[in-house]
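Open the model in your viewer and follow the stops below. Each one says what to select and what is there.

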Amino acid sequence: MDQNAALPVLRLRKGKEESLERFHPWVFSGAVLELPEEVREGDLVRVITFGGDNVGVGHYQIGSIAVRMLEFGEEHLPADFFWQRIGEAWKLREALGLIRPDNNCFRLVHGEGDFLPGLVVDIYDGTAVVQAHSPGMHFCRMEIAEALTRLPGIRSVYYKSDTTLPFKADLHPVNDYIAGSFRSSVATENGLQFNIDWLRGQKTGFFVDQRDNRRLLEQLASGREVLNMFCYTGGFSVYALRGGAKRVDSVDSSGKAIALTDANVELNFPGCDRHRSFATDAFKYLDDMKPGEYDLIILDPPAFAKHRGALKNGLMGYRRLNAKAFEKIRKGGILFTFSCSQVVTKEMFRLQVFSAAAQSRRKVRILHQLTQPADHPVNIYHPEGEYLKGLVLYVE
Ligand code: SAH
């Protein structure tokens, strides 16, 4: 990044600086008045108000979000911008006690929550897996990789293209190691081992965001018969087994996910006879199973509402799914139920679960209200960053 070059200037429409004055990191396309013709998607721009006051610097892109702000109050970024921000993110994870020999798996950069809009970095032992959700971050990937390899223990960087980016012209998808050659793919979370397939897996290969919630599950699993629905790589299953569950059944519609779950159970509990897995549809499994078969059920589905337009159907999906669990869970059972849809608020989710509970006419109490862990921080000026919500319920 050349710190001396003056950046192209994007002028806002009158009054459109209001949310930026409150440090919200997005400029919406409707707020843009003028932009030099030569500006390309992914370029750095300097944002100014209608009256010409400086707002800050961000990455320009085409779409409803026109700029993702990287810095407020400055006219350019420092040469070591990525190293500064990534170094700060590392210090925070250190302060949170997440970097330990028995825990080498965590999220290092959570987009806006780490003041790096559009960037996600997950650490799996010595490998950093990077995903850019904006063209600007995509073009900065080598600078990001350089900063990451300066961190203690990071020996390689794998870059995984977000397939929803507008790949065209000079924006090509990249799925490859962009630094280093370290190839271990086993990471340790709270002393448990997981095979992580960042090449073929969903997102960066593992759902790091459920770490604290898995730990809570472990504490409640002793002697219980557990159903882990939407198991993916089997995170909740492995924790339940360590917690002393009598039996754990894992369900996922993807055969690949089931193979990963089986491998992770075997890695931690070789020859374990308390675990079974089923590659089938969750709704069908719940319909077919006998009432009272399980006294601990986990429902961690994919986002049912990926955007605002899908909200109504998404909410109905959560209600239907939870209703089936309330209908079948054993008396005295515990239900862990989640939603990771960003457009579904805590209140909306709770209302669906409430409706599902009422439909079953059972006594239901809330034991815990869950969210994303501290390595997925929410920038207070960007409430959209809060996406994971969960309830732990006691069902009689
Ligand atoms: N609980 C997991 C993450 C779940 S991701 C963890 O802690 O790691 C969502 C999973 O749901 C994916 O693995 C996907 O294959 C699976 N899935 C999606 N639709 C499904 C369906 N209808 N029935 C069962 N599994 C489904």
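Start with the ligand and select Gln202: a polar side-chain atom of Gln202 lies 3.1 Å from an oxygen atom of the ligand. That is a polar contact (a pair of N or O atoms within 3.5 Å). The model is predicted: local features need pLDDT of at least 70, side-chain atom pairs count only at pLDDT 80 or more, and totals for chains, interfaces and linings use all residues. Residues are numbered from 1 along each chain as its sequence is written, and side-chain values use heavy atoms, with hydrogens and water left out.

Phe230 places a backbone N or O atom 3.0 Å from a nitrogen atom of the ligand. Ser253 also has a backbone N or O atom 3.0 Å from a ligand nitrogen atom. Taken alone, the ligand exposes 590 Å², and the protein buries 88% of that (Shrake-Rupley method, 1.4 Å probe).

Move to the second largest pocket. What is its volume? About 250 Å³. Of its 16 lining residues, Phe23, Phe72, Glu112, Phe115 and Asn379 are closest to the centre. A pocket is an open set of points on a 1 Å grid over the protein atoms alone, where a 1.4 Å probe fits, with protein on both sides within 12 Å along at least five of seven lines; lining residues have an atom within 4 Å of a point. The volume is the space filled by probe spheres set on the points, joined across faces, edges and corners. The lining divides into 11 nonpolar, 2 polar and 3 charged residues.

Notes
Polar contact = N/O pair within 3.5 Å; in protein donor to acceptor, adjacent residues only side chain to side chain. Nonpolar A, V, L, I, M, F, W, Y, C, P; charged D, E, K, R; others polar.
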